[in-house]
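Have the coordinates open and try each one before reading on.

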Amino acid sequence: MRGKLRRRWDRGEFLTQLATGNRWEPLAIGLRGPSAQDTAVHLDRARAWAEQWQRLRHLRIETRTVGGRVAGTNEIPGRVWVDSYEQLWAFLGVQPDVRTFTTLLEATRSRAPVVVDWMSAKPMEVLKHRDEWPRLVDTALWIEAYARPDMYVRQIDVPGVDTKFIERFRTILAALLDCLLPEHRIDRTCPPSDFAGRYLFRKKPAYVRFRRLSAGHGFSELAVRVPELAAAPPAERTVFVVENEITYLAFPPVENAIVIFGEGYAASRLQPLEWLAGKNLVYWGDIDTHGFAILNRVRRSFEGTRSMLMDRATLLAHEGQWVGEASPTSEHLEALVPNEASLYTDLVEDVLGRSVRLEQERISYAAVQDASLRYTE
């Protein structure tokens with residue numbers, strides 16, 4: 001019986017009932033006691049079972065009669081009644097939790113009344129965060145009052161609260177903010193895990209890192225915020241995009257060209273650089289399924305993108321450098337040209353071997369030098 005009531009307590013049912021102002025309705029739980037035959041054959045055990053219920057101080061016991069002409073009649077506990085909240089709290093030993101919850105509920109009701117309905121529906125979440133609850137409410141109220149779209153999460157100014165606190169408790173904070181904030185201040189396309197995005201804080205800016213491949217004046221390498229680079233395109237005609245950092249750093253000199261460190265799937269951040277559509281754009285990635293998937297993404301943004309050293313001849317010429325691809329993809333890549341699509345299909349279907357992969361840093365440097373010059377012509 002205690003287990004049944006404890007499970008309902010753990011689901012928050014009883015605290016929700018209390019918090020919403022519902023009066024307690026007496027709760028009855030039937031008992032499976034000894035039969036008449038049990039009382040006749042195992043009288044001492046049956047008596048001990050009955051006495052343990054009679055010793056309960058917090059509950060009301062309703063008896064029933066068992067037995068008859070052969071074994072005689074006996075009154076045994078047949079049903080247990082819980083007649084009040086107080087009886088239930090005492091039986092489960094949860095009085096401290098109840099006091100904590102009701103204290104937090106009343107304190108929040110005076111400061112953030114719109115949160116009370118959520119607290120009533122999720123009392124166990126409140127108790128789970130009992131130690132942090134005042135700071136959580138302080139943080140949510142500060143964001144409601146002072147946050148602006150030009151602010152970073154780091155600028156939340158609540159005593160005892162820092163960015164690590166926000167990150168640790170972002171899910172519960174999201175629940176509070178969803179109650180407090182008007183809809184125009186919530187981007188519900190972002191999950192609570194993306195706290196900055198969901199509540200319109202500024203995010204860490206994305207950068208594009210690139211090198212100039214010919215000698216000249218000024219910096220040879222820069223990392224520039226994407227919106228700023230979008231507004232100020234470099235003058236060079238040819239743009240190479242590569243995945244691997246060492247390959248990026250060791251890319252051979254080429255006149256009138258730059259090389260961008262694409263960082264794998266991070267190459268998708270190039271989409272705002274609309275001026276790339278007017279450049280001689282060349283993508284070079286690993287010869288594996290994900291390399292072609294990244295090429296496909298770049299080409300969907302910039303239709304004229306050409307691939308470099310991602311062909312069957314290059315792969316077969318470096319067979320001794322093949323490694324295995326850990327987690328190949330098999331998604332449909334609609335932007336590949338026929339020779340790329342053919343090689344991609346063979347990689348997916350393991351025609352050349354199981355999960356074949358040729359990383360770009362394993363391709364001979366002479367081949368890189370030759371290709372880089374050919375693709376600027």
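**Exercise 1.** Count the aromatic pairs in this predicted model, then classify the pair of Phe165 and Phe169.

*Solution.* With ring centres within 6.5 Å as the test, the count comes to 13 aromatic pairs. For Phe165 and Phe169, the centres are 4.9 Å apart and the planes make 55°. Planes under 30 degrees apart would be stacked and over 60 edge-to-face, so this pair is tilted. Next, check burial: the cut-off is under 20% relative accessible area. Phe165 comes out at 7%, so it's buried; Phe169, also at 7%, counts as buried too.

**Exercise 2.** Work out which helices the pair of Phe292 and Tyr344 ties together.

*Solution.* Start with the geometry: 6.3 Å centre to centre and 70° between the planes, which is edge-to-face. Now place the rings. Phe292 is in helix H15 (residues 289-301) and Tyr344 in helix H17 (residues 338-348), so the pair ties together parts 52 residues apart in sequence. Both Phe292 and Tyr344 are buried.

**Exercise 3.** Find the charged end that sits over the ring of Tyr248.

*Solution.* Look above the ring of Tyr248: the charged end of Arg211 is there, 6.0 Å from the centre.

**Exercise 4.** Describe the largest pocket by volume, lining and helices.

*Solution.* Its space is about 160 Å³. The lining includes Tyr152, Arg154, Asp194 and Arg202. Sorted by class, it has five nonpolar, two polar and four charged residues. Helices H10 (163-168) and H12 (195-198) each supply at least two lining residues, and H10 gives the most, with three.

Notes. Residues are numbered from 1 along each chain as its sequence is written. This is a predicted model: local features need pLDDT of at least 70, side-chain atom pairs count only at pLDDT 80 or more; totals for chains, interfaces and linings use all residues. Side-chain values use heavy atoms; hydrogens and water are left out. On a 1 Å grid over the protein atoms alone, a cavity is a set of points where a 1.4 Å probe fits but cannot get out, and a pocket is an open set with protein on both sides within 12 Å along at least five of seven lines; lining residues have an atom within 4 Å of a point. Grid points are joined across faces, edges and corners, and a volume is the space filled by probe spheres set on the points. Helices (H or I, at least four residues) and strands (E, at least two) are DSSP runs, numbered from the N terminus. Ala, Val, Leu, Ile, Met, Phe, Trp, Tyr, Cys and Pro count as nonpolar, Asp, Glu, Lys and Arg as charged, and the others, Gly among them, as polar. Rings of Phe, Tyr and Trp (its six-membered ring) pair if their centres lie within 6.5 Å; planes under 30 degrees apart count as stacked, over 60 as edge-to-face and the rest as tilted. Buried means under 20% relative accessible area, exposed over 50%, partly exposed in between (1.4 Å probe, protein chains only). A charge sits over a ring if NZ of Lys or CZ of Arg is within 6 Å of the ring centre and within 35 degrees of the ring normal.
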